Amino acid sequence: MKKKESTYLGGEADSPEKVAPRIFEHFLSKKAMFGVLAMISAFAVLVMLWM
Amino acid sequence: MIEIINMFEVLFCALLSISFLGILLYCLAYKRTSIAYLVVLGIAAFILLRYVWFAWVLSPLMLLPFFKKMRYEFIMMCCMLPAIPLAYFLLELFSTSSIPFIGWVALFTAVIVCAFGILGVFENDIRKYLFYSNTLQIFFVLLDLSVGAAAGKLDILGAIQILNYTIAGLLFFLSIGIISRNGMYMEIDKLEGRYYSDKKNAACSIISGLSLVGLPGLNIFVSEFFLFAIAFEINPLISILGVFAALILFIMYFKIPYVLLVGREQPTIKTSKTLTMFNIALCFACIILGIFPQLQIFLLTEVFI
């Protein structure tokens with residue numbers, strides 16, 4: 001059975017009926033977003049400690 | 001002896017009544033046997049609202065939709081009904097006692113809001129999506145309270161988020177329940193093109209989604225605006241994280257209006273007229289409270305002082 005590929009909206013990748021764009025999955029991934037969040041929070045914690 | 005009535009309690013009772021009524025109408029339309037559970041849970045929530053320091057007791061129920069596959073009306077009950085007493089408990093906690101390290105609490109809460117937002121962005125299962133949504137809104141309430149306590153403006157920030165979330169969140173829950181045919185399609189991508197199944201309720205769902213996004217002109221924007229404006233005065237870092245959270249929340253909530261409007265037209269469905277009317281009323285409340293923010297301030301500072 002073909003494994004369901006993950007897409008932004010969770011549709012099956014090769015199904016022609018799915019019209020949802022997958023532009024986000026090229027730019028956004030869960031890891032990258034958590035990485036950005038970690039960077040922003042680390043920055044915030046440093047500034048709070050400095051203040 | 002004249003007992004002084006806490007007007008905030010009246011406000012929270014009103015919010016609980018609106019939620020109860022909405023879920024009751026939903027249960028009447030879809031699953032009448034669930035009304036018994038709703039009544040028990042509703043009475044428990046009303047009683048706990050009276051005993052402020054135990055108002056958090058129901059809050060573990062909010063975790064159930066994440067761990068257990070349950071019917072849609074139970075998801076609504078477990079998310080909306082415990083959230084309001086919990087918000088009341090938090091408000092009383094912040095207004096009666098001084099919380100230590102309030103700046104850190106606010107910062108930590110903002111990070112948690114972002115984290116739940118990111119989980120919501122990549123979630124396709126509606127149950128978990130609604131769980132993330134509800135949890136992050138509760139953390140938004142906590143963020144409002146900690147910023148309000150730090151700035152000494154609990155009168156405005158104390159209840160504004162839960163007031164707006166009850167209206168927009170309840171509308172979101174109800175309209176998604178209708179569109180997904182009481183949980184028959186529990187994946188977000190299965191909602192494609194379902195705007196055409198029931199245009200009125202789908203429009204309500206789109207407006208509540210856009211309101212939760214924080215679109216100017218709709219009610220949640222007002223509470224976010226006050227939060228960020230006051231947070232900037234006490235610590236700009238909270239505003240930075242808040243803007244990041246708003247960005248993530250946009251991606252998370254915009255999925256629903258987007259997915260409803262794209263895809264092939266789906267066949268029309270029949271919906272209870274009373275429930276649709278109730279949804280339209282909530283929808284109007286979202287718009288009116290968004291267009292006239294002074295109405296919210298009036299409600300919170302003059303009526304429920």
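How exposed is Lys190(B), given as a relative accessible area? Lys190(B) is partly exposed, at 42%, where buried means under 20% relative accessible area, exposed over 50% and partly exposed in between (1.4 Å probe, protein chains only). This is a predicted model, in which local features need pLDDT of at least 70 and side-chain atom pairs count only at pLDDT 80 or more, while totals for chains, interfaces and linings use all residues. Residues are numbered from 1 along each chain as its sequence is written, chains are lettered from A and ligands numbered from 1 in the order in which they are written, and side-chain values use heavy atoms, with hydrogens and water left out.

**Salt bridges overall**
- Over all chains, a search of the whole structure finds 4 salt bridges, a salt bridge being a side-chain nitrogen of Lys or Arg within 4 Å of a carboxyl oxygen of Asp or Glu.

**Glu9(B) and Arg50(B)**
- Glu9(B) and Arg50(B) form a salt bridge whose closest N and O atoms are 3.2 Å apart.
- Because Glu9(B) lies in helix α1 (residues 7-30) of chain B and Arg50(B) in helix α2 (residues 35-50) of chain B, the pair ties together parts that are 41 residues apart in sequence; helices here are DSSP runs (H or I, at least four residues), numbered from the N terminus.
- Glu9(B) is buried at 13% relative accessibility, whereas Arg50(B) is partly exposed at 45%.

**Glu73(B) and Arg71(B)**
- A salt bridge joins the side chains of Glu73(B) and Arg71(B) at 2.9 Å, N to O.
- Glu73(B) counts as buried at 0% relative accessibility, while Arg71(B) counts as partly exposed at 36%.

**Lys190(B) and Glu187(B)**
- The side chain of Lys190(B) meets that of Glu187(B) in a salt bridge of 3.0 Å, N to O, and Glu187(B) is partly exposed at 26% relative accessibility.

How values were computed: Helix = DSSP H or I, 4+ residues; strand = E, 2+ residues; numbered from the N terminus.
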